Amino acid sequence: MAAHETERTWVVDTRELIRRPGSMKELSWTLSAPERIGTDVIGIQAGQQVGLDLRIESVVEGVLATGTATATASGVCVRCLDEVGEDLAVSFQELFAYPERAAHHHKVAGHPARDDAEPEEEQYELDGDLMDLEEVVRDAVVTALPFQPVCRDDCPGLCPECGARLADDPEHHHDVIDPRWSALASLAAPADDDEKRN
């Protein structure tokens with residue numbers, strides 16, 4: 001069964017479960033990412049298809065969402081700058097609290113006696129009977145993406161001298177003189193006058 005048959009978005013209607021602890025519903029649908037999801041070097045591009053398989057369960061505090069987002073991320077290898085692609089299957093679970101439950105939680109957390117407490121984790125809330133999964137999925141995807149994607153584990157990268165792709169020429173190298181010896185190198189080379197005298 002698809003969520004929001006007429007417009008496939010991140011938003012799920014939970015009206016069948018509201019205030020009915022123990023009830024559960026399973027949903028599957030595909031949507032197009034409205035904007036890029038990821039890091040500077042790799043991510044799900046805007047317009048890319050994202051599949052969502054979701055189970056929503058009514059609990060006393062709100063509605064619990066458990067699911068998997070599947071998509072293909074694309075980007076560049078941080079070593080050689082070639083394109084890379086990665087199939088993702090990212091799991092997530094989040095409680096969307098009823099507004100009054102969330103308000104009570106914030107009130108308790110904000111008690112003066114707890115002003116020096118550690119910052120609390122973000123609390124998601126239902127908007128009426130609607131659940132917006134975009135931020136939950138976005139956070140899960142970004143966490144699952146490789147921090148430094150590579151086209152292959154042993155990618156040699158680019159030549160630091162000229163930028164040549166080292167995988168294309170494993171023997172590629174430059175004769176680099178230590179800058180501390182560069183002044184002596186010019187003395188070792190025969191001068192034009194010396195060559196004329198010989």
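Q: What makes two strands a pair here?
A: Two strands pair if DSSP finds at least two bridges between them. Strands are DSSP runs of E with at least two residues, and helices are runs of H or I with at least four residues, both numbered from the N terminus.

Q: How do you know that β2 and β5 pair?
A: Strand β2 and strand β5 (residues 49–58) are joined in the antiparallel sense over 9 bridges.

Q: What is the origin of the model, and which residues and atoms count?
A: This is a predicted model, in which local features need pLDDT of at least 70 and side-chain atom pairs count only at pLDDT 80 or more, while totals for chains, interfaces and linings use all residues. Residues are numbered from 1 along each chain as its sequence is written, and side-chain values use heavy atoms, with hydrogens and water left out.

Q: Which elements does the protein have, and in what order?
A: The protein has 4 helices and 9 strands. From the N terminus on, they run β-β-β-β-β-β-β-α-β-β-α-α-α.

Q: Why is Ser58 called buried?
A: Buried means under 20% relative accessible area, exposed means over 50%, and partly exposed lies in between (1.4 Å probe, protein chains only). Ser58 has 3% relative accessibility, so Ser58 counts as buried. This residue is in strand β5. Buried residues make up 29% of the 198 residues in the protein.

Q: What does Ser58 touch?
A: Contact means heavy atoms within 4.5 Å. Not counting residues up to four places away in sequence, Ser58 touches Leu17, Arg19, Arg20, Pro21, Gly22, Ser23 and Tyr98. The side chain of Ser58 also reaches the backbone oxygen of Leu17 at 2.9 Å.

Q: How do the side chains of β2 point?
A: In β2 (residues 24–32) they alternate.

Q: How do you know that the buried residues of α2 are on the same side?
A: In helix α2 (residues 134–144), Val136, Val137, Ala140 and Val141 are buried. They cover an arc of only 125 degrees around the axis, so they are on the same side of α2. The arc is that of the directions from the helix axis to the C-beta atoms. What covers these residues includes β3 (37–38), β4 (42–44), β5, β6 (62–76), β7 (83–97) and β8 (124–125).

Q: Why is Val150 called partly exposed?
A: Val150 has a relative accessible area of 24%, so Val150 is partly exposed. This residue lies in the loop between α2 and α3 (182–188).

Q: What is Val150 in contact with?
A: Leaving aside neighbours within four places in sequence, Val150 is in contact with Cys77, Val78, Arg79 and Val84. The C-alpha atoms of Val150 and Asp82, 68 residues apart along the chain, are separated by 8.5 Å.

Definitions and conventions:
Polar contact = N/O pair within 3.5 Å; in protein donor to acceptor, adjacent residues only side chain to side chain.
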